[in-house]
Amino acid sequence: MTKATSIVMLVVAGLLSACDRPWTSAEKGAAAGSAIGTGIGLVTGGSFGTVVGAGLIGGAVGYLGGTAIDNNK
């Protein structure tokens, strides 16, 4: 299960990286936050729901942090 989840996350990261323009700070923050949240969920051995939830929460926090950085520029 962990191997399949890891492969799915790599595919999603590959799809997200195929953008036609540079990412904003908010988009970078969301991608980094979701990757970190998902990684922490996987390392701690959480269930699939826990891992997905951690990725979603990390993405939201990263997006908000990136937006705050953009607003300060």
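At what angle do helix α2 and helix α3 pack, and how far apart are their axes? Helix α2 (residues 25-43) and helix α3 (residues 48-72) pack at about 150°, and their axes lie 6 Å apart.

## Basis of the model

This is a predicted model, in which local features need pLDDT of at least 70 and side-chain atom pairs count only at pLDDT 80 or more, while totals for chains, interfaces and linings use all residues. Residues are numbered from 1 along each chain as its sequence is written, and side-chain values use heavy atoms, with hydrogens and water left out.

## Overall layout

The protein has 3 helices and 0 strands, in the order α-α-α along the sequence. Helices (H or I, at least four residues) and strands (E, at least two) are DSSP runs, numbered from the N terminus.

Along the principal axes, the C-alpha atoms fill a box of roughly 40 × 25 × 15 Å. Of the 73 residues, 21% count as buried. Buried means under 20% relative accessible area, exposed means over 50%, and partly exposed is in between (1.4 Å probe, protein chains only).

## Packing of α2 and α3

Two packed helices are described by the angle between their axes and the distance between the axes. Axes are lines fitted to C-alpha atoms, for helices over the stretch in contact, and angles run from 0 to 180 degrees between N-to-C directions. Helices α2 and α3 pack at about 150°, which makes α2 roughly antiparallel to α3. Angles under 35 degrees count as roughly parallel, over 145 as roughly antiparallel, 65 to 115 as roughly perpendicular and the rest as oblique.

The crossing of α2 past α3 is right-handed. That term applies if the near helix is turned clockwise from the far one by less than a right angle, and left-handed if anticlockwise.

S34 belongs to helix α2 and is partly exposed, at 23% relative accessibility. Between S34 and G59 there are 4.0 Å in space, C-alpha to C-alpha, and 25 residues in sequence. G37 is also in helix α2, and at 10% relative accessibility G37 is buried. G37 and G53 are 16 residues apart in sequence, with 8.3 Å between their C-alpha atoms.

Helix α3 contains G55, which is buried with a relative accessible area of 9%. From G55 to G45 the C-alpha distance is 14 Å, at a sequence separation of 10 residues.

## A nonpolar patch

I7 sits in helix α1 (residues 2-16) and is partly exposed, with a relative accessible area of 46%. Together with V11 and L15, I7 makes a nonpolar surface patch of about 300 Å². Patch residues have over 30% relative accessible area and no salt bridge; like charges are joined within 9 Å, and nonpolar side chains (Val, Leu, Ile, Met, Phe, Trp, Tyr) within 5 Å. A salt bridge is a side-chain nitrogen of Lys or Arg within 4 Å of a carboxyl oxygen of Asp or Glu.

Conventions
Areas by Shrake-Rupley, 256 points an atom, 1.4 Å probe, with all protein chains shown as cover.
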